[in-house]
Amino acid sequence: MLRLMSTGAIDETIARELGVSLRTVHRRITRLQDLLGVRSRFQLGVIACERGWV
């Protein structure tokens, strides 16, 4: 999911590529933001890159 997000893919595309619902994508993004203590997708991307997740 993070790889797809880093390409600029929209949520609908991410859901389709992963074979999950749009709601699942939103929940997973929210869960990652909570885990990392960030408030925006941009912050999520920066921290995920710093940790080597992408």
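Visitor: Leaving aside neighbours within four places in sequence, which residues is Q33 in contact with?
Guide: This is a predicted model, where local features need pLDDT of at least 70, side-chain atom pairs count only at pLDDT 80 or more, and totals for chains, interfaces and linings use all residues. Residues are numbered from 1 along each chain as its sequence is written, and side-chain values use heavy atoms, without hydrogens and water. With contact meaning heavy atoms within 4.5 Å, the partners of Q33 are V38, R39, S40, R41 and L44.

Visitor: Is Q33 buried or exposed?
Guide: Q33 lies in helix α3 (helices are DSSP runs of H or I, at least four residues, numbered from the N terminus). Buried means under 20% relative accessible area, exposed over 50%, partly exposed in between (1.4 Å probe, protein chains only). Because its relative accessibility is 12%, Q33 counts as buried.

Visitor: How far is the backbone oxygen of S40 from a polar atom of the Q33 side chain?
Guide: S40 is among the residues in contact with Q33. The distance from its backbone oxygen to that side-chain polar atom is 3.4 Å.

Visitor: Within what arc do the buried residues of α2 fall?
Guide: In α2, residues 11–18, the buried residues are D11, I14 and A15. They line one face of the helix, because, seen down its axis, they fall within an arc (taken from the axis-to-C-beta directions) of 100°.

Visitor: Which exposed residues does the face of α2 turned away from its buried side carry?
Guide: The cover over the buried residues includes α1, α3 and α4. The face turned away carries R16 and E17.

Technical notes:
Helix = DSSP H or I, 4+ residues; strand = E, 2+ residues; numbered from the N terminus. Polar contact = N/O pair within 3.5 Å; in protein donor to acceptor, adjacent residues only side chain to side chain.
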